[in-house]
Amino acid sequence: MTARHRSGRDLPGRLITFDGIEGSGKSTQLAALSRALTAKGWSVVSTREPGGSPLGEGVRRLVLDPAFAGMSARAELWLYLAARADHVERVILPALASGAVVLCDRFSEATIAYQGCGRGLPLDEVEAAVELAAGGLRPDLVVLLDLPVEEGLRRVGERRLTNRLDLESTAFHQRVRDGYLALATREPDRIRVFDARRPLEELQRAILAAVEPVCRSVVAGSAP
Ligand code: TMP
């Protein structure tokens with residue numbers, strides 16, 4: 001991967017990711033932001049992790065399958081990272097090169113929070129692996145939707161029976177939440193925390209207000 005790709009900064013597009021614990025409402029907020037930015041004339045590409053490319057979607061089926069309940073934490077880490085490497089190279093970098101605003105449902109911060117803080121793998125090793133898999137690409141902005149674990153799991157409700165990670169203990173999800181909040185404390189400008197319990201439309205407006213300045217910094221020529 002070239003130096004240009006490693007920083008992501010020389011590419012004209014912007015990468016905005018949504019993250020948070022289960023039931024935080026990321027997907028709903030991502031769809032609303034996509035509609036709002038598109039209406040304002042931005043070229044938007046919406047995608048997700050794990051997934052977003054044919055290999056990524058294949059890995060998604062594997063990694064979320066309750067049949068693999070006993071999967072080793074390191075195997076889980078590398079499956080998520082394999083999906084990310086393919087997704088970044090085949091989908092995200094080309095979209096950023098075309099000047100698009102890429103909205104991704106989960107990205108590297110999820111791996112640090114879930115596999116690092118949740119599973120307890122050594123954080124320095126997880127962070128190094130995350131950097132390698134994404135080729136150094138980091139989101140320009142992470143929209144971190146935060147809410148108490150009990151409320152997130154209650155919102156997920158029925159879906160808990162179908163996703164291998166949803167079935168984890170409350171303590172696991174609490175470590176994940178704490179991990180996300182620690183990341184945001186470390187980089188408050190790049191990782192912005194939003195209270196996911198706010199009314200939907202109020203939250204949409206707050207997210208749009210945080211994201212628009214980041215989009216406006218898109219290299220001249222691709223702005224609407
Ligand atoms: P989703 O339900 O938000 O689509 O995410 C799928 C699950 O995968 C969710 O439980 C979080 C988990 N996950 C990780 O554990 N590590 C990662 O790197 C990613 C992207 C997701």
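## Exercises around a ligand and an aromatic cluster

An oxygen atom of the ligand sits 2.6 Å from an N or O atom in the side chain of Thr 111. Keep in mind as you work that this is a predicted model.

### Exercise 1: The ligand and its shell

Find out how many residues surround the ligand and which are the closest. Then work out which elements give two or more residues to the shell.

**Solution.** 

Step 1. Start with the neighbours. The ligand is surrounded by 16 residues, and the closest are Lys 26, Arg 60, Arg 106, Thr 111 and Gln 115.

Step 2. Look at the polar side-chain atoms. Lys 26 has one that lies 2.7 Å from an oxygen atom of the ligand. In the side chain of Arg 106, an N or O atom is 2.7 Å from an oxygen atom of the ligand.

Step 3. Turn to the cover. On its own the ligand has 480 Å² of accessible area, and the protein covers 95% of that.

Step 4. Assign the shell to elements. Helix H4 (73–97) and H5 are the ones that give two or more residues. H5 has the largest share, with 4 residues.

### Exercise 2: The aromatic cluster

Decide how many aromatic pairs there are, and which residues form one cluster.

**Solution.** 

Step 1. Count the pairs: there are 2 aromatic pairs.

Step 2. Take Tyr 114 and Phe 172. Their ring centres are 6.1 Å apart with 55° between the planes, and this pair is tilted. Tyr 114 belongs to helix H5 (residues 108–118) and Phe 172 to helix H8 (residues 170–186), so the pair links distant parts of the chain, 58 residues apart.

Step 3. Check burial. Tyr 114 is buried, because its relative accessible area is 4%, under the cut-off of 20%. Phe 172 is buried too, at 2%.

Step 4. Take Tyr 114 and Tyr 180. Their ring centres are 6.3 Å apart and the planes stand at 80°, so this pair is edge-to-face; the cut-off is over 60 degrees. Tyr 114 is in helix H5 and Tyr 180 in helix H8, so the pair ties together parts 66 residues apart in sequence. Tyr 180 counts as buried, at 3% relative accessibility.

### Exercise 3: The surroundings of Asp 146

Is Asp 146 buried or exposed? Which side chain makes a polar contact with the side chain of Asp 146?

**Solution.** 

Step 1. Locate the residue. Asp 146 is in strand S4 (residues 141–146).

Step 2. Judge burial. The relative accessibility of Asp 146 is 13%, so Asp 146 counts as buried.

Step 3. Find the partner. The side chain of Arg 177 makes a polar contact with that of Asp 146, at 2.8 Å.

Step 4. Leaving out residues up to four places away in sequence, Asp 146 touches Arg 177, Leu 181, Val 193, Phe 194, Asp 195, Ala 196 and Arg 197.

### Exercise 4: The whole chain

How many helices and strands does the protein chain have, and in what order do the elements run?

**Solution.** 

Step 1. Count the elements: the protein chain has 9 helices and 5 strands.

Step 2. Read them from the N terminus on: α-β-α-β-α-α-β-α-α-β-α-α-β-α.

Step 3. Of the 224 residues, 50% count as buried. Among contacts between residues at least 6 apart in sequence, 79% join residues at least 24 apart.

Conventions
Residues are numbered from 1 along each chain as its sequence is written. This is a predicted model: local features need pLDDT of at least 70, side-chain atom pairs count only at pLDDT 80 or more; totals for chains, interfaces and linings use all residues. Side-chain values use heavy atoms; hydrogens and water are left out. Rings of Phe, Tyr and Trp (its six-membered ring) pair if their centres lie within 6.5 Å; planes under 30 degrees apart count as stacked, over 60 as edge-to-face and the rest as tilted. Buried means under 20% relative accessible area, exposed over 50%, partly exposed in between (1.4 Å probe, protein chains only). Contact means heavy atoms within 4.5 Å. A residue is near a molecule or strand if one of its heavy atoms lies within 4 Å of it. A polar contact is a pair of N or O atoms within 3.5 Å; within protein, one must be able to donate a hydrogen and the other to accept it, and residues adjacent in sequence count only if both atoms are side-chain atoms. Accessible areas come from the Shrake-Rupley method with a 1.4 Å probe; for residues, only the protein chains shown count as cover.
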